[in-house]
Amino acid sequence: MMRRAFAVLFALLVAQASAQAKPTSFIITRVHVEQAGIWQEKLDGDETRERCARFHLSDKAATRWFAKAKEVTEHAWREELDWTQCFAKGTLTTADGKTYTWDLDRSGRGQVKVSDTVSTYLSGPELPFAE
């Protein structure tokens with residue numbers, strides 16, 4: 001009986017998580033962009049510092065991105081998703097009042113740093129350069 005109850009509860013949690021198009025580990029109540037247009041030098045990248053300077057991200061746009069993002073595994077985030085050298089960073093506050101730092105690159109690959117050794121990895125829509 002207990003095993004069946006656990007299986008039903010687990011199935012409900014999985015169904016609920018897959019129906020949401022946003023991070024499922026936490027509920028975000030506030031997003032703040034501290035800096036955008038950051039260029040990170042990488043040997044195999046083709047973005048320039050000047051082009052990255054045109055990458056602007058408002059609090060409102062970042063909030064929309066987080067609402068559309070989904071959680072992915074660390075392996076998928078590191079090995080399967082596209083990346084760019086242009087990124088933004090900031091903070092977010094969750095429903096339980098905790099504040100976390102995040103970074104998001106222009107390709108739509110982001111992470112929320114839960115601690116020094118733990119992150120929640122995200123994939124969302126690509127973000128455009130400012131015109």
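Tutor: Read along the sequence, this predicted model follows the pattern α-β-α-α-β-α-β-β-β-β. That comes to four helices and six strands.

Student: How do you know how far the coordinates can be trusted, and what is the average pLDDT of the chain?

Tutor: The chain averages a pLDDT of 79, and 76% of the residues score at least 70. Over residues 1-21, pLDDT stays under 50. The model has four contacts beyond four places in sequence for residues 1-21. Where pLDDT is low, the predicted coordinates should not be read in detail.

Student: What makes the link of Cys52 and Cys86 a disulfide?

Tutor: The sulfur atoms of Cys52 and Cys86 are 1.9 Å apart. The cut-off is 2.5 Å, so a pair of cysteine sulfur atoms within that distance counts as a disulfide. The structure holds one disulfide. The angle about its S-S bond is -75 degrees, and the link is left-handed.

Student: Why is Ser107 called buried rather than exposed?

Tutor: Its relative accessible area is 16%. Buried means under 20%, so Ser107 falls on the buried side. Ser107 is found in the loop between strand S4 (99-105) and strand S5 (109-113).

Student: What makes the pair of Ser107 and Asp105 a polar contact?

Tutor: The side chains of Ser107 and Asp105 are joined at 2.4 Å. The limit for a pair of N or O atoms is 3.5 Å, so a distance of 2.4 Å meets it. The side chain of Ser107 also reaches the backbone oxygen of Asp82, at 2.9 Å. Leaving aside neighbours within four places in sequence, Ser107 is in contact with residues including Asp82, Trp83, Gly124 and Glu126.

Student: Why is Asp103 called buried?

Tutor: Asp103 has a relative accessible area of 14%, and the label requires a value under 20%, so Asp103 qualifies. Asp103 lies in strand S4. A polar contact of 3.3 Å joins its side chain to that of Lys113. Not counting residues up to four places away in sequence, Asp103 touches Phe87, Ala88, Lys89, Arg109, Gly110, Gln111 and Lys113.

Student: How do you know that Ser123 is buried, and what is around it?

Tutor: The relative accessible area of Ser123 is 16%, so it is under the 20% limit and Ser123 is buried. Ser123 is in strand S6 (residues 119-123). Leaving aside neighbours within four places in sequence, its contacts are Trp65, Ala69, Lys70, Val72, Leu81 and Gly108. Trp65 is 58 residues away along the chain, and the C-alpha atoms of Ser123 and Trp65 are separated by 9.4 Å.

Student: What makes S3 and S4 count as paired strands?

Tutor: Seven bridges join S3 to S4, which run antiparallel. Pairing requires at least two bridges, so S3 and S4 pair. Leu92 stands opposite Tyr100 in S4. The hairpin of S3 and S4 has four residues between the strands, and Gly97 takes a positive phi near 85 degrees there. S1 and S3 also run antiparallel, joined by eight bridges. Arg30 has Thr93 in S3 as its bridge partner.

Student: Why is S3 described as mostly covered?

Tutor: Eight of the nine residues of S3 are buried. For the chain of 131 residues, 34% count as buried.

Student: Which residues have the most contacts inside the largest nonpolar core?

Tutor: They are Leu57, Trp65, Phe66, Leu92, Trp102 and Val112, in a core of 20 residues. Strand S1 (28-39), helix H3 (59-68), S3 and S4 each supply at least two residues. H3 gives the most, with four residues. In soluble globular proteins, nonpolar side chains tend to be buried together.

Student: What does Leu57 touch?

Tutor: Not counting residues up to four places away in sequence, Leu57 touches Val33, Ala36, Ala62, Ala88, Trp102, Leu104 and Leu127.

Methods
Residues are numbered from 1 along each chain as its sequence is written. This is a predicted model: local features need pLDDT of at least 70, side-chain atom pairs count only at pLDDT 80 or more; totals for chains, interfaces and linings use all residues. Side-chain values use heavy atoms; hydrogens and water are left out. Buried means under 20% relative accessible area, exposed over 50%, partly exposed in between (1.4 Å probe, protein chains only). A polar contact is a pair of N or O atoms within 3.5 Å; within protein, one must be able to donate a hydrogen and the other to accept it, and residues adjacent in sequence count only if both atoms are side-chain atoms. Contact means heavy atoms within 4.5 Å. pLDDT is the predictor's confidence in each residue, from 0 to 100. A nonpolar core is a set of buried Ala, Val, Leu, Ile, Met, Phe, Trp, Tyr and Cys residues joined through side-chain atoms within 4.5 Å.
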